[in-house]
Amino acid sequence: MTQLQKRQLGSNGPSVSAIGLGCMGMSDFYGPADDERSIQTIHKTLDLGINFLDTADVYGPFTNERLVGRAIRDRRDDVILATKFGNVRGEDGSWLGINGRPDYVRKACDASLQRLGVDTIDVYYQHRVDPETPIEDTVGAMAELVKAGKVRHIGLSEASSKTIRRAAAVHRITALQSEYSLFSRDVEDDILATCRELGIGFVPYSPLGRGFLTGEIKRFEDLAEDDFRRHSPRFQGANFDKNLKLVDRIGELAAEKDVTKSQLALAWVLAQGDDIVPIFGTKRRKYLAENLRAAEIVLGKADLARIEAVAPKGVAAGERYPEIGRALLDR
């Protein structure tokens, strides 16, 4: 494997591997956790050249930050570490809402630093925009964390263009994290253009369509009982069947290039701009090398046109979140 390329995160951000690792599924939402296996996966990730790790206080809840902290304890200098605040859960996992108030921002950051076992967070995201707190107040508190040396760079997640502009007027925003894949292309309407105008790097999460684009999910029953995708409209009923057929068509294109579905899907995201750094999630080491090879795939204009014909914007059947999740998105 060739050395993994680096990309700069925004106009002022750190140099990170062209692909990052999202650690959420190691602790929550995607079936049973296995901490020791996950730590081995993180170590292998770093060995393969991925230096961009993503977590959040809400994952677990709270346990994923501790897991990542354990994994990087002896390798902190090898990692660009990102975490998030704002989605609030109780210790029992109950949902308590969204909080972007300045006092909570400071409290959440200190708690994350302690769980991670680090002195500084490289990229600190607001996980969801709090509709009850002006974004200027939230970002102002985040800016204070930068001045205090607790945070190096500020990010937002699932923020609208209007919110991004208001936030950037208070402090430089280094990165925006939002869902983006062949299944989810809403950000192409205006959010990507806003990020590029303001010099903000874009970090797509779920670039593999929450695993659908891997081709590994053949039946609804393949999902564990506690897998949150069982509640996703795209994984239910007729939507599941339609999306499965779409994945099969993408698979035909992948086979022609002698690559996997995952590799083609990741390569497509990477081809959308050098300012884009997708993060994929996996618990298993065997998928790491496969996904990293996506960075070596060159998609020409003809390739991109064929992919566009098969998977145009809006092609996925079903909303990307159930109704309760859609209510939390910044409009």
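The model is a predicted one, in which local features need pLDDT of at least 70 and side-chain atom pairs count only at pLDDT 80 or more, while totals for chains, interfaces and linings use all residues. Residues are numbered from 1 along each chain as its sequence is written, and side-chain values use heavy atoms, with hydrogens and water left out.

Arg320 is placed in the loop between α10 (301-310) and α11 (323-326), where helices (H or I, at least four residues) and strands (E, at least two) are DSSP runs numbered from the N terminus. Arg320 counts as buried because its relative accessibility is 13%; buried means under 20% relative accessible area, exposed over 50%, and partly exposed in between, with a 1.4 Å probe and protein chains only. Its side chain makes a polar contact of 2.9 Å with the side chain of Glu158, and another polar contact, of 2.8 Å, joins the side chains of Arg320 and Glu179. A polar contact is a pair of N or O atoms within 3.5 Å; within protein, one must be able to donate a hydrogen and the other to accept it, and residues adjacent in sequence count only if both atoms are side-chain atoms. Not counting residues up to four places away in sequence, Arg320 also touches residues including Ser184, Asp186, Tyr205 and Leu329, contact being defined as heavy atoms within 4.5 Å.

One cavity of 30 Å³ or more is found in a search of the whole structure, and the largest cavity has a volume of about 40 Å³. On a 1 Å grid over the protein atoms alone, a cavity is a set of points where a 1.4 Å probe fits but cannot get out, and a pocket is an open set with protein on both sides within 12 Å along at least five of seven lines; lining residues have an atom within 4 Å of a point. Grid points are joined across faces, edges and corners, and a volume is the space filled by probe spheres set on the points. Among the residues lining the largest cavity are Glu179, Phe183, Arg234 and Arg320, and by class this lining has two nonpolar, three polar and four charged residues. Ala, Val, Leu, Ile, Met, Phe, Trp, Tyr, Cys and Pro count here as nonpolar, Asp, Glu, Lys and Arg as charged, and the others, Gly among them, as polar.

The second largest pocket holds about 420 Å³ of space. Of its 24 lining residues, Asp186, Val187, Arg320, Leu329 and Arg331 lie nearest its centre, and the lining comprises seven nonpolar, five polar and twelve charged residues.

Asn243 lies in helix α7 (residues 237-256) and is buried, because its relative accessible area is 1%. Leaving aside neighbours within four places in sequence, Asn243 is in contact with Phe183, Phe212, Arg234, Ala316 and Ala317. Ala255 is also found in helix α7, but counts as exposed at 55% relative accessibility.

A cis peptide bond, with omega of about -5°, joins Gly60 and Pro61.
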